[in-house]
Amino acid sequence: MENAALMSKRIRRILLVCNNYDNFSLEEDGRLDMRIAREYSELNLSNPPVFERVSSTAEALEKVKGEGPWDVVIAMYNAGGADVFSFAHQVKESAPDTPMVLLTSFSKEVSRQLRDKDRSCIDYVFNWNGSTDLIIAIIKLLEDSLNAPEDILHAGVQCILLVEDSVRYYSTYLPLLYKLVLQQNFDAIRDALNEDQQILRKRARPKILLATNYDDAVQLYNTFKENMLGVISDIGFVLHKNDDPSLEKLDAGITLCQYIRGDHPRMPILMQSSQESMRPVAESLRAGFVMKRSKTLTHEVAEYIGREFGFGDFVATDDKGKVIARARDLQGVEEVLESLPEKVLDKLRSKNYISRWLLARGLFAEGNAIKGSRLPSAAEFRDMAIPLIHAYRVSQSLGVVARFDPATYNDTIWFARYGEGSLGGKARGLAFLNHILYQHRLYDKWEGVHVSVPRTLVLATDCFDRFIVENGLQYVINSEISDAEILSEFVSSNLPQDVVEALRAFIRVVRTPLAVRSSSKLEDSYYQPFAGVYSTYMIPSVENEDQQLRLLSKAIKSVYASVYYAASRGYITATANVISEEKMAIVLQEICGAEDNGYFFPTLSGVARSVNYYPIGHEKADEGIALPRLPTAWEKPWWTASRCSASPPPIPSTCCRLPRPNWPCGTPRR
């Protein structure tokens, strides 16, 4: 499913017919244009709707005839000029496919006009209370109706059916429902690892479908029932479109509920009425019930949707309704499913709660797989559901550079970045390899071999800039101090506090020795590669978190210092670059290797080049070359159990052998 495939039809041009006071309210008090533009920006959609405001129906008609097409015409009841009903007919004559929306405050006279006048050319009527939330809800409702056939039936997007013929009440429900949907959408992107995944989740939000009569309600249900999260229905409403309100069937909602129950016994249904006597009827149909006149109406509706439609946190309760487990994201759901008693798990799957919770977040394949499972026991269901969710979490991280969030980082995230600056040359190359492995599905192409980039975290170049500025180290650029003095100055300085907390979250997941690698902006460039110019460090994995953090921080600051060493300055000058423009990112990677007798041995250490610039003898330039990295006499093991509290000496280059006390070979990740 691609981003562009969802929400492809959008409202772009809106003609708003209103008097000067309402226009001022929308423009100055409501800040409608800014709110719409911000939301479109968050969805990464270009061209947010443009509002054209006119103060009379006569002006609006000229616009419709001369400046069309318009995606929707919204007229307020008290706009100047010809009455809105005649105006609607004229609009439909000129632009029959343009939706016509009427906004009005209600009084006896307005109600009489709506009852006696011909409303056939008005597609929607809403109760106007001066809130821009209603305008936004109208735009979303129109876009949902335009995109529903494609997004719901072909892409698997979920929907909610609202059945209500009272203008007052659906004008209240729609802004509320869209606020809940958007909040749900905001919660759902916690598991998204990069901007593309965030955009996809946002565009895959559940859609809301409005029916104002029985015929439309049945037609919408039959069309979209396979992807419907639930139904919210009035009890009394008219049977056919444009029926007079006096023909309202008082139990039409009951008939609709019985029809749905006969077809889909587990469909969540919330019924609403102004009569308390209807509560037992709703309960007999296993439907929720709210009183329309309740002072807590919106709260009750929100609470039911959160509990039954799969919105909000994942919540498991016992027979008495007491919450026994709660999760906010997919990792938490995995942990909850592992520990839930079989009786509670059976209850959740019998109500399709688990699948509905996943579907509400845009996990269509996983939600439908769980929804369609017919495993006989809770144990078998658990053994199927947990690996399915975990596999999705892993697949989300393949081939992407995830945004590193200390609050949500976990062992399924393989390649992440912290910061908004550049990744640097080396990290960019690794990210590209990660992408190629995913794009061509090379992970398990060869039997018995799994190919992947080691778990990686990149500290972007803005972390380096902040470190330099916050510690006042700019003077080093033009100074002539020795390498040892530069190293001492950098190591004694402090990393930004948020970077420290990010590193702490990282080492809580990683349980192997780490390579701390340079990734400058100039590194791995085509014609002037900086390979081997800057420092690389390896640090062991230790049980003490604070000690591990201290080792890691010191190694990072030492790599930063190597930017200004004499050899680095000389190479930068020789390649006609400017040292003040060089920025350093840091690559933190798990070391691939094995433990033996208390020592950890990397599998391979060296440099591989696809082009051999200096072929010798029978070698050819396009054959490339690999240079293994052998330990020097200096690189003798220094890390022993008796010195576990010591700090490593400055390491000028990659060492390929570092011991670790009691290294837990095969220890599962936290």
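Predicted model: local features only at pLDDT ≥ 70, side-chain atom pairs only at ≥ 80, totals over all residues.
**Entry 1: S56**

S56 has a relative accessibility of 13%, under the 20% limit, so I put S56 down as buried. I then traced where S56 sits, and found S56 in the loop between β2 (50-54) and α3 (57-66). What does the side chain of S56 reach? I found the backbone nitrogen of E59, at 3.2 Å.

**Entry 2: the six-stranded sheet**

I next wrote down the strand order of an open sheet with six strands: β13-β14-β15-β18-β16-β17. The pairing in this sheet is mixed. Which strands stand at the edges? They are β13 (402-403) and β17 (537-539). Each of these two has a single partner strand, so one side of each has no neighbour in the sheet.

β13 is joined to β14 (residues 415-418) by two bridges, and the two strands run parallel. For A402 I looked up the bridge partner in β14, and it is A416.

**Entry 3: F404 and Y418**

I searched the whole structure for aromatic pairs and noted 16. I took F404 and Y418 from among them, since this pair belongs with the strands of the previous entry. Their ring centres are 6.1 Å apart and their planes stand at 80 degrees.

F404 is in the loop between β13 and β14, while Y418 is in strand β14 itself, so the pair ties together parts 14 residues apart in sequence. Are the two residues buried or exposed? F404 is buried, at a relative accessible area of 7%. Y418 is buried too, at 14%.

**Entry 4: F490 and Y564**

I turned to a second ring pair, F490 with Y564. The ring centres lie 5.9 Å apart and the planes are at 45 degrees, so this pair is tilted. F490 belongs to helix α20 (residues 483-491) and Y564 to the loop between α22 and α23 (566-574). The pair therefore ties together parts that are 74 residues apart in sequence. I checked burial for both: F490 is buried, and Y564 is buried as well.

Which residues share an aromatic cluster with F490 and Y564? I listed F464, F467 and Y560; together with F490 and Y564 they form one cluster.

**Entry 5: the largest cavity**

Rolling a probe the size of a water molecule over the atoms shows where empty space is left. I counted five cavities of 30 Å³ or more. The largest cavity holds about 130 Å³ of space.

The lining of the largest cavity is made by 13 residues. Nearest its centre I found D191, L193, R393, N410 and T412. Which helices supply at least two lining residues each? They are α13 (330-339) and α17 (378-397). α17 gives three residues, the largest share of this lining. By class I recorded four nonpolar, five polar and four charged residues in the lining of the largest cavity.

N410 has a relative accessible area of 7%, so N410 is buried. Its side chain makes a polar contact with the side chain of R393, at 2.8 Å.

I put the second largest cavity at about 100 Å³. It is lined by 13 residues, and those closest to its centre are I507, V510, R511, V542 and Q548. α21 (497-509) and α22 (545-561) each supply at least two residues of the lining. I sorted the lining by class and got four nonpolar, four polar and five charged residues.

**Entry 6: K554**

Last, I looked up a residue of α22, the helix that helps line the second largest cavity. K554 lies in that helix. Its relative accessibility is 27%, which falls between the limits of 20% and 50%, so I noted K554 as partly exposed. How far is K554 from Y537 in sequence and in space? I noted 17 residues along the sequence and 9.9 Å in space, taken C-alpha to C-alpha.

Key:
Residues numbered from 1 in each chain as written. Heavy atoms only, no water. 1 Å grid on protein atoms, 1.4 Å probe; cavity = no way out; pocket = protein on both sides within 12 Å on 5 of 7 lines; lining within 4 Å. Points joined across faces, edges and corners; volume = space filled by probe spheres on them. Helix = DSSP H or I, 4+ residues; strand = E, 2+ residues; numbered from the N terminus. Nonpolar A, V, L, I, M, F, W, Y, C, P; charged D, E, K, R; others polar. Pairing = 2+ DSSP bridges. Buried < 20%, exposed > 50% of the residue type's maximum accessible area, 1.4 Å probe, protein only. Polar contact = N/O pair within 3.5 Å; in protein donor to acceptor, adjacent residues only side chain to side chain. Phe/Tyr/Trp six-rings, centres within 6.5 Å; stacked < 30°, edge-to-face > 60°.
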